[in-house]
Amino acid sequence: MRSDHSVIASMVPVGSRVLDLGCGDGTLLAELIHRGANGLGMEITDDGVVTCLQRGVPVLQADIDEGLGDLEDDSFDIVILSLTLQAVHHPALVLGEMARVAPRSIVSFPNFAHWRLRTQLAVSGRMPVSPLLPYAWHETPNIRLCSIKDFEALAHAEGFTVEQRVLLDVSGDVSGAAARRVPNLFAAGAVYLLER
Amino acid sequence: MGATGHEPRSLGLVETQRVVLFTEDNPLVLDSGETLAPVEVAFETYGERVPDDSNVVVICHALTGDANAAGHHGDPARPGWWDTLIGPGKPVDTDRVFVVSANLLGGCQGTTGPSSINPATGAPYGLRFPLFTVPDLVKVQRALLAHLKIERVLAAVGGSLGGMQVLQWALDYPDDIAHGIVVCATARLSAQNIAFSAVARAAIMNDPDFQDGDYYGAGKGPDHGLTVARMMAHITYLSEESMRQKFGRRIQDRDEPRFELGVDFQVESYLQHQGKAFLDRFDANSYLYLTRVMDYFDPFADAEYVRARLAATKTKFLVLSFDTDWRFDTSHSRDIVRTLTAHRVPVTFREISSPHGHDSFLLDVPEYHRTVAAYVARALEEAQH
């Protein structure tokens with residue numbers, strides 16, 4: 001299991017009604033369902049959706065940038081946006097929709113202010129590439145890169161309070177003391193448990 | 001390629017069977033409280049039942065379908081209406097599942113309907129046939145399964161009115177169906193949908209040869225009306241795109257327009273052919289009753305009933321729509337998805353891209369077939385564990 005997935009799974013109470021936005025091939029949801037969650041995914045790609053249904057993971061094919069119009073208010077206990085925030089066109093709209101359909105949200109994203117990315121840009125003068133952001137600038141789906149400070153400001157503006165924050169290192173594992181001291185510089189990514 | 005990875009084939013020659021499911025002593029009690037007997041049902045089965053009956057798939061047909069969903073009755077060039085989807089190596093793979101396909105109540109292809117003999121008079125029912133509903137269609141489907149000694153269904157599959165039956169079935173009998181596959185269906189016709197139904201019925205009922213529905217044996221019936229109804233319905237089954245591709249503004253049998261009021265454009269000729277061909281296989285009274293069944297369908301109307309039933313249902317759903325379908329456009333499927341999801345029912349939904357409009361559900365649309373094949377294969381896996 002991917003370690004950021006372990007972090008997310010630990011934030012989801014057993015038996016929850018869970019929505020995973022941009023669920024990809026359904027790996028995380030399949031694990032959560034295995035642990036007793038009632039799960040639903042939302043995914044835009046054809047292959048992702050078909051892999052989900054081969055796994056028995058319920059999934060709605062939809063573009064989350066168009067909102068979550070198929071879902072009623074408060075119809076979930078918790079919504080997950082795992083390494084997807086940076087790829088949506090309208091992050092504020094998506095966060096607002098998450099708050100509408102569930103009282104709690106989990107958001108994970110790569111921190112664009114991580115020191116390695118800062119160094120890459122400063123030294124080479126080229127757009128940074130990392131394990132969490134592996135694409136060249138001209139082909140990346142990651143169009144809304146943000147730092148930990150940026151995200152916390154947006155989450156606050158959208159009316160969320162941070163219930164829990166777990167910082168990740170470059171390999172996606174829970175990061176060490178340096179990151180806890182200066183997260184925006186030393187954490188490669190973060191997982192937030194938010195309450196609206 | 002089908003779920004098992006082998007080349008798709010035809011079922012070949014298949015036969016329709018008939019069985020009387022309701023008798024004078026044990027009549028069908030309709031939603032309206034009226035009773036109906038006898039009720040005979042025409043059905044076909046394909047594939048082999050496994051000992052625990054865990055591989056049963058029920059096919060529910062649309063407005064003008066019949067029991068012959070796949071395979072043929074002697075002419076391989078005229079296969080059943082869903083032969084693209086059902087057969088060995090096809091998405092509903094008859095090498096792995098046992099398929100039951102019946103003509104629905106009120107139809108005219110072997111199951112009791114308005115053209116059947118009314119035992120009270122010795123003459124065809126005509127408009128004396130009682131009005132019935134989608135829940136009544138489901139009761140008859142279930143009676144057939146009881147006759148076949150089948151208690152649980154792996155999947156019930158239907159497009160359009162067929163999908164509406166699947167939805168109603170899962171609501172009314174939450175233990176029956178493990179998987180409901182609902183394709184380009186609706187939970188409620190729109191005003192526009194009902195308007196089209198109304199014009200179709202008006203065409204039939206205003207035909208001077210309609211004779212209040214007692215046209216059987218009269219030598220002439222509402223052929224003009226039924227032809228017009230079918231022509232109009234057919235327009236709603238195609239998309240603007242597919243009509244443009246298929247016909248454009250081309251002239252029938254020549255290059256220059258004839259400049260006359262008769263049939264000149266290819267699209268006119270095509271519709272007229274569709275309308276006329278329909279007369280050979282369909283009864284005008286059945287058309288009246290079955291379109292009415294669709295108009296009144298509203299399974300989500302009673303929120304309390306829906307809440308209770310969906311809390312109890314064991315059915316998981318695959319809901320599919322097509323992007324060029326304007327008969328029941330994607331918003332209809334999304335309404336179904338919204339209600340099911342709100343009640344925590346497991347649903348998978350896709351809007352499939354296809355140029356063929358509502359008719360797409362009958363055609364070999366690769367992404368659609370890939371989805372159904374994967375879903376049915378997974379359902380079989382779950383059932384075997």
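**Close-up views of the predicted model**

**Figure 1. The loop of chain B that holds Pro38(B).** Pro38(B) lies in the loop that links strand E3 (35-36) to strand E4 (39-46) of chain B. The model shown here and in the other views is predicted. Ala37(B) and Pro38(B) are joined by a cis peptide bond, whose omega is about -5 degrees. In general, most peptide bonds are trans.

**Figure 2. Two aspartates with positive phi, Asp74(A) and Asp53(B).** As background to this view, most residues other than glycine have a negative phi. Asp74(A) has a positive phi, near 50 degrees, and is not a glycine. The loop that contains Asp74(A) runs between strand E3 (59-61) and strand E4 (78-82) of chain A. Asp74(A) is classed as exposed because 12 other C-beta atoms lie within 10 Å. In chain B, Asp53(B) likewise is not a glycine, and its phi is positive at about 60 degrees. Asp53(B) is placed in the loop between E4 and strand E5 (56-60) of chain B. The count for Asp53(B) is 17 C-beta neighbours inside 10 Å, and this residue is therefore partly exposed.

**Figure 3. The contact between chain A and chain B.** Chain A contributes 17 residues to the contact, and chain B contributes 20 residues. On the side of chain A that touches chain B, strand E2 (38-43), helix H3 (46-55) and E3 of chain A each provide at least two residues. H3(A) gives the largest share of this side, namely five residues. By class, the residues of chain A that touch chain B comprise eight nonpolar, five polar and four charged.

**Figure 4. The two assigned domains of chain B.** The domain assignment divides chain B into domain 1 (17-188 + 298-384) and domain 2 (193-291). Taken over C-alpha atoms, the centres of domain 1 and domain 2 of chain B are separated by 26 Å. Domain 1 of chain B brings 20 residues to the contact between the two, and domain 2 of chain B brings 17 residues. Where domain 1 of chain B touches domain 2 of chain B, its side has 10 polar, eight nonpolar and two charged residues.

**Figure 5. Packing of helix H3 against helix H4 in chain B.** Helix H3 (residues 191-205) and helix H4 (residues 223-237) of chain B pack at an angle of about 160 degrees, and their axes are 7 Å apart. Because this angle is over 145 degrees, H3(B) is roughly antiparallel to H4(B). The crossing in which H3(B) passes H4(B) is right-handed. From H3(B), the contact is made by Phe196(B), Val199(B), Ala200(B), Ala203(B) and Ile204(B). From H4(B), the contact is made by Gly225(B), Leu226(B), Val228(B), Ala229(B), Met232(B), Ala233(B) and Thr236(B). The contact of H3(B) with H4(B) has 10 nonpolar and two polar residues, with no charged residues.

**Figure 6. Packing of helix H3 against helix H7 in chain B.** H3(B) also packs with helix H7 (residues 284-296) of chain B, at an angle of about 160 degrees and with the axes 10 Å apart. H3(B) is therefore roughly antiparallel to H7(B). H3(B) passes H7(B) in a crossing that is left-handed. The residues of H3(B) in this contact are Ile194(B), Ser197(B), Ala200(B), Arg201(B) and Ile204(B). Those of H7(B) are Ala284(B), Tyr287(B), Leu288(B), Thr291(B), Met294(B) and Asp295(B). Seven nonpolar, two polar and two charged residues make up the contact of H3(B) with H7(B).

**Figure 7. Surroundings of Leu13(B).** Leu13(B) belongs to the segment before strand E1 (17-22) of chain B. Leu13(B) is exposed because it has 11 other C-beta atoms within 10 Å. Not counting residues up to four places away in sequence, Leu13(B) touches Gly71(B), His72(B) and Gly74(B). The C-alpha atoms of Leu13(B) and Asn68(B) are 11 Å apart, while 55 residues separate the two along the chain.

**Figure 8. Surroundings of Ala30(A).** Ala30(A) is situated in helix H2 (residues 27-34) of chain A. Ala30(A) has 18 C-beta neighbours inside 10 Å and so counts as partly exposed. With residues up to four places away in sequence left out, Ala30(A) touches Arg55(A) and Val57(A). Ala30(A) and Leu40(A) stand 10 residues apart along the chain, and 9.8 Å separate their C-alpha atoms.

Terms used: Residues numbered from 1 in each chain as written. Chains lettered and ligands numbered in written order. Predicted model: local features only at pLDDT ≥ 70, side-chain atom pairs only at ≥ 80, totals over all residues. Helix = DSSP H or I, 4+ residues; strand = E, 2+ residues; numbered from the N terminus. Buried ≥ 20, exposed ≤ 12 C-beta atoms within 10 Å, placed from the backbone. Contact = placed C-beta atoms within 7 Å. Nonpolar A, V, L, I, M, F, W, Y, C, P; charged D, E, K, R; others polar. Domains from an automatic or database assignment. Axes fitted to C-alpha atoms, helices over the stretch in contact; angles between N-to-C directions. Parallel < 35°, antiparallel > 145°, perpendicular 65-115°, else oblique. Left-handed = near helix turned anticlockwise from the far one by under 90°.
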